[in-house]
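Work through the exercises below with the model open beside you. Try each task before reading its solution.

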Amino acid sequence: MGKARILILGGTTEARALAAALGSRADLDIVLSLAGRTADPAPQPVPVRSGGFGGAEGLARYLREEAIGLLIDATHPFAARISANAAEAAAQCDVTAFALRRPAWVPVEGDDWLSVHSVSQAIAALGAKPLRVFLATGRQEAHQANAASQHHYWVRSVDPVEPLLTVPHVSYIHSRGPFRLADELDMLQKHQIEVVVTKNSGGEATYAKIEAARLLGIKVIMIERAEAAGLPVVETVEAALGRIDHFASSLMKRGV
Ligand SMILES: NC(=O)c1ccc[n+]([C@@H]2O[C@H](COP(=O)([O-])OP(=O)(O)OC[C@H]3O[C@@H](n4cnc5c(N)ncnc54)[C@H](OP(=O)(O)O)[C@@H]3O)[C@@H](O)[C@H]2O)c1
């Protein structure tokens, strides 16, 4: 009987945690796929492939050629293209698939959020008055800040922003989560930040900035997720492991 072949589309803390939980399983053959954007990606506990597949067609080809039995989309909640491709490729190849997507953050008492639907809307919502802005949207969309050059931006990303912003007042912070509350409080206070701009990524690794903003009475412009149709969703690594066990035992019963 062959091993069950599983492809995890990753680039998130959850994908890494799932891979770590599966790495030692003798009955499974796991490959983790990364987009290849980060220059120095965190070490991963299972074999990794890197780079795009070439759209839904390319991913479907990969699923067939590599005889993948289960596809898990554990990409970031804002990585919409790869998620749509995953749903389409799984349907094309009739491969079992599901998404692991952490729930969105919801405001709690003391939070001062303004919800918007894109980075450009968030920048527009800052208004005309110059503000000290912590921009935590990731480097790919940071250049949207060029549209409002009156503000001073602190842009945090794992890799350097390229090309640099054209605004006159900008500072770059290079660091990789998870972030601790004490450090986020420090950072927001040190730079006298007046507004935080962030995506509603969900999860614990980057939540400390939201807590810190709440404690300091700082406004948050929250970029909400687009509604994603497609694969069935589980919200936790534990739930994903349950589905994987179910998949592996159904293969065993069929003697595959
Ligand atoms: N968007 C965010 O805010 C964010 C934040 C943290 C981490 N990430 C991670 O960074 C990666 C890229 O995000 P994105 O927003 O640029 O994605 P995207 O817009 O949905 O994807 C763009 C293209 O990148 C390739 N790709 C994306 N994820 C891939 C993966 N895991 N393995 C192989 N190819 C992948 C695919 O190329 P082909 O069509 O050629 O296959 C896809 O069409 C994702 O893996 C995501 O989990 C994203």
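**Exercise 1. The second largest pocket**

Task: Find the volume of the second largest pocket, list its lining and sort the lining residues by class.

Solution. 
- Step 1. The second largest pocket has a volume of about 210 Å³. A pocket here is an open set of points on a 1 Å grid over the protein atoms alone, with protein on both sides within 12 Å along at least five of seven lines. Grid points are joined across faces, edges and corners, and the volume is the space filled by probe spheres set on them.
- Step 2. Its lining consists of Pro77, Arg101, Arg102, Pro103, Arg225, Ala226, Glu227, Ala228, Val233 and Glu235. Lining residues have an atom within 4 Å of a point.
- Step 3. Five of these residues are nonpolar, none is polar and five are charged. Ala, Val, Leu, Ile, Met, Phe, Trp, Tyr, Cys and Pro count as nonpolar, Asp, Glu, Lys and Arg as charged, and the others, Gly among them, as polar.

Before going on, note the ground rules. The model is predicted, so local features need pLDDT of at least 70 and side-chain atom pairs pLDDT 80 or more, while totals for chains, interfaces and linings use all residues. Residues are numbered from 1 along each chain as its sequence is written, and side-chain values use heavy atoms, without hydrogens and water.

**Exercise 2. The cavity**

Task: State how many cavities of 30 Å³ or more the search finds, and describe the lining of the largest cavity.

Solution. 
- Step 1. The search of the whole structure gives one cavity of 30 Å³ or more. In a cavity, a 1.4 Å probe fits but cannot get out.
- Step 2. The largest cavity holds about 30 Å³ of space.
- Step 3. Thr12, Glu14, Ala74, Thr75, Pro77, Leu100, Arg101 and Arg102 line the largest cavity. They divide into three nonpolar, two polar and three charged residues.

**Exercise 3. The whole chain**

Task: Describe the protein chain by its elements, its dimensions and its burial.

Solution. 
- Step 1. Count the elements: seven helices and twelve strands. These are DSSP runs numbered from the N terminus, with at least four residues (H or I) for a helix and at least two (E) for a strand.
- Step 2. The C-alpha trace spans about 65 × 35 × 30 Å along its principal axes.
- Step 3. Buried residues make up 45% of the 256. Buried means under 20% relative accessible area, exposed over 50%, and partly exposed in between (1.4 Å probe, protein chains only).
- Step 4. Of the contacts with a separation of 6 or more, 66% join residues 24 or more positions apart. A contact means heavy atoms within 4.5 Å.

**Exercise 4. Backbone exceptions**

Task: Locate two cis peptide bonds and two residues other than glycine with positive phi.

Solution. 
- Step 1. Recall the rule: most residues other than glycine have a negative phi, and most peptide bonds are trans.
- Step 2. Glutamate 162 and proline 163 are joined by a cis bond with omega about -5°. Proline 163 sits in the loop between E8 and E9.
- Step 3. The bond from glycine 177 to proline 178 is also cis, with omega near 0°. Proline 178 is in the loop between E9 and H5.
- Step 4. Alanine 67 has phi near 50°, lies between H2 and E4 and is exposed at 52% relative accessibility.
- Step 5. Aspartate 94 has phi of about 55°, lies between H3 and E5 and is exposed at 72%.
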